[in-house]
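Student: Please pick one part of this structure and look at it closely with me. Then link it to the rest.

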Amino acid sequence: MTAISFSSVSKIYGPTPEAAQHLLTQGLTKAEVQARTQNVVALHDITLDIAVGELFVIMGRSGSGKSTLLRTINRLVAATRGTVRVNDTSIDQLDAAALAQFRKTQVSMVFQHFGLLPHKTALENIAFPLSLQGVPAPERTERAHRWLNRVGLDGFADSLPGQLSSGMCQRIGLARALITEAPILLMDEPFAALDPLTRREMQDEVLRLKAELNKTVVMISHDPVDAARMATRMAVLHDGRLAQVGTLESLRQNPSTREVSAFVAASS
Ligand SMILES: Nc1ncnc2c1ncn2[C@@H]1O[C@H](COP(=O)(O)OP(=O)(O)OP(=O)(O)O)[C@@H](O)[C@H]1O
Ligand SMILES: [Mg+2]
C-alpha cells in the first residue's frame, strides 16, 4: 500500500518558474538555469512512491533538495508543479482547515534546526503537539514526562532550549515528534547533533516505534552509515533531480551515476 506518492513534483524559487521549467525540460542544469533566469531549482520532476511501513532515507549533497522534498509532504513547501498524495489525499487540494487537521493527526516532523519554541520549557515543547490535538493537561504532562525520560533528559523538564546543548535540543525535537501517534514521521537529519552512543539509542527507539506502530518514516541523512542501518530503501538527490532510488544493495550493485556511487561507497 502506498503512503506517500510524488508525481512530477517540481519546486522553483524565483521570479519566472515557468521559464525555468522550460529550460529544465530541455536538459539544462540547475546552475545553467540559475545563471540564465535567476531562478533556483530546488526540485525537478520527482516521481516516487513510498510504501506504508517503509523507512525511506533521502540522501544527497547540501542544497540538493532534500529538505524541500520532505517539506512538500506536509505542505510546508508548496510544489510549483506536480502533486503529492498522502494516503490518497492530494495535499495541494486541502483547504486551510483540512491542512491544519492533516498536520495535527497524520504527520509529525523532526526539523533540521530543531524548531523548538524558545520560550517554552523542554517539557512544554515535548507536550506541544498534544495540546494542539486537544489532549487534556494531566495526560499531556504525564506523556511528555515519559518521553523526556525516554530521550534521557530527566531533570531538564523546566529548562529552556537556550539553556541546553544542541544534542539535548535535538532529543527534545525527536521526543516532540515521537509523542504523537501520527502514522507518518518526517525527520530532517534527526541524529546530526548527537554523540555516537545517543545516536545509536535514538535510532533503536525510532526502529522500535516504527515496528510497534507500523509508522511510515521518511528520514534525511547525510550519513550513509545511518542509512545502511535503518533504511528499507533510499533515494539520492542531485541538483534537485532524483538520481536513483532503491535498496542499498541495488544502489551498490548498479549505481546510476557517480554521485550515487560516491554515496553508497561511503556506507560500506
Ligand atoms: N526559501 C528559499 N528561497 C530560495 N531558495 C531556496 C529556499 N529554500 C531552499 N532554496 C534552495 O533550494 C535548494 C534546495 O534546498 P534544500 O534546503 O532543500 O537543500 P538540502 O538538500 O536540504 O540541503 P542541506 O543538506 O544543506 O540541508 C538550494 O539550492 C537552496 O538554495
Ligand atoms: Mg536540508
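Tutor: Start with the shell around ligand 1: three of its residues are nonpolar, eight polar and one charged. (Ala, Val, Leu, Ile, Met, Phe, Trp, Tyr, Cys and Pro count as nonpolar; Asp, Glu, Lys and Arg as charged; the others, Gly among them, as polar.) This is a predicted model, where local features need pLDDT of at least 70 and side-chain atom pairs count only at pLDDT 80 or more, while totals for chains, interfaces and linings use all residues. Residues are numbered from 1 along each chain as its sequence is written, and chains are lettered from A and ligands numbered from 1 in the order in which they are written.

Now the members. Y13, V40, A42, G60, S62, G63, S64, G65, K66, S67, T68 and Q112 surround ligand 1, each with its C-beta atom, placed from the backbone, within 6 Å of it. Two elements, β2 and α3, each give two or more residues to this shell. Helix α3 gives the most, with three. (Helices are DSSP runs of H or I, at least four residues; strands are runs of E, at least two; both are numbered from the N terminus.)

Strands of a sheet pair through backbone hydrogen bonds.

Follow α3 instead. A loop links α3 (66-73) to β4 (81-86), and A78 lies in it. A78 counts as exposed because 11 C-beta neighbours lie inside 10 Å. (Exposed is 12 or fewer other C-beta atoms, placed from the backbone, within 10 Å; buried is 20 or more; partly exposed is in between.) I91 is 13 residues away from A78 along the chain, yet their C-alpha atoms are 9.1 Å apart.

Finally, step back. The protein has eleven helices and ten strands. Of its 268 residues, 42% are buried. Its C-alpha trace spans about 60 × 45 × 40 Å along the principal axes.
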